[in-house]
Amino acid sequence: MTRVRILREGKRILGLEITGHTADAKSRRAEIICAAVSAIAQTCAIGITEVLRIRADVRVVDEPALLGLMMPEGEDGAEAQAILATAVAGLRQIEKQYPDYITITFLKRRAHHHVDESATFRP
């Protein structure tokens, strides 16, 4: 199962973290879903760091599978938000079609950088 966590503050997307391997299910469908999730996440990271040249904190680890992206404090440009929102929309579409393979959780960041992990919501 692939797990996606999206950190938001209001309507702003602050970062995302993707863990797990859909391909652990050992089916052709699972491999394709895993590749799609990975492509969306990596394209998002490239758009933020290479196209927009924003110094986001990006971490990629092969084993265990992890891709994390956190925007720098105070970075709330419309172009970056558009890239992040597009990635989230793509991931949500995969979740809608294949809920047995991927789950998405939205976390709210509150004042003083506290993350309310008990809150899951859909924007």
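**Layout and contacts**

Modeller: Going from the N terminus, the elements of the chain follow the order β-β-α-β-β-α-β-β. Helices (H or I, at least four residues) and strands (E, at least two) are DSSP runs, numbered from the N terminus. This is a predicted model, where local features need pLDDT of at least 70 and side-chain atom pairs count only at pLDDT 80 or more, while totals for chains, interfaces and linings use all residues. Residues are numbered from 1 along each chain as its sequence is written, and side-chain values use heavy atoms, with hydrogens and water left out.

Biologist: Which residues in α1 meet α2?

Modeller: On the α1 side they are Ile 33, Ala 36, Val 37, Ile 40, Cys 44, Gly 47 and Ile 48. They meet Ala 80, Ile 83, Leu 84, Ala 87, Gly 90, Leu 91 and Ile 94 in α2. Contact means heavy atoms within 4.5 Å.

Biologist: Let's talk core. How many residues has the largest nonpolar core?

Modeller: The largest nonpolar core has 27 residues, and Ile 6, Leu 16, Ile 48, Leu 69, Met 71 and Leu 84 have the most contacts inside it. At least two residues of this core come from each of β1, β2, α1 (28-51), β4 (66-70), α2 (78-97) and β5. The most come from α1, which gives 7 residues. A nonpolar core is a set of buried Ala, Val, Leu, Ile, Met, Phe, Trp, Tyr and Cys residues joined through side-chain atoms within 4.5 Å.

Biologist: What share of the chain do buried residues make up?

Modeller: Buried residues make up 35% of the 123 residues. Buried means under 20% relative accessible area, exposed over 50%, and partly exposed in between (1.4 Å probe, protein chains only).

Biologist: Back to Ile 6: what is it in contact with, leaving aside neighbours within four places in sequence?

Modeller: Ile 6 is in contact with Ile 13, Gly 15, Leu 16, Val 88, Ile 104, Thr 105, Phe 106 and Leu 107. Take Phe 106, which sits in strand β5 (residues 102-110) and counts as buried at 0% relative accessibility. Phe 106 and Ile 6 are 100 residues apart in sequence, yet their C-alpha atoms are 4.8 Å apart in space.

Biologist: New topic, charges. How many salt bridges does a search of the whole structure find?

Modeller: The search finds 5 salt bridges, each being a side-chain nitrogen of Lys or Arg within 4 Å of a carboxyl oxygen of Asp or Glu. One of them pairs Arg 5 with Glu 17, with the closest N and O atoms 3.4 Å apart. Arg 5 lies in strand β1 (residues 2-9) and Glu 17 in strand β2 (residues 12-19), so this pair ties together parts that are 12 residues apart in sequence.

Biologist: Which residues are linked in a network of salt bridges?

Modeller: Glu 9, Arg 12, Glu 73 and Arg 109 are linked that way. Within it, the closest N and O atoms of Glu 9 and Arg 12 are 3.1 Å apart. Elsewhere, Arg 59 and Asp 57 meet in a salt bridge at 3.2 Å, N to O.

Biologist: Last one: what stands out about the phi of Arg 53?

Modeller: Arg 53 has a positive phi of about 60° although it is not a glycine. Arg 53 lies in the loop between α1 and β3 (57-61), and is exposed, with a relative accessible area of 68%.
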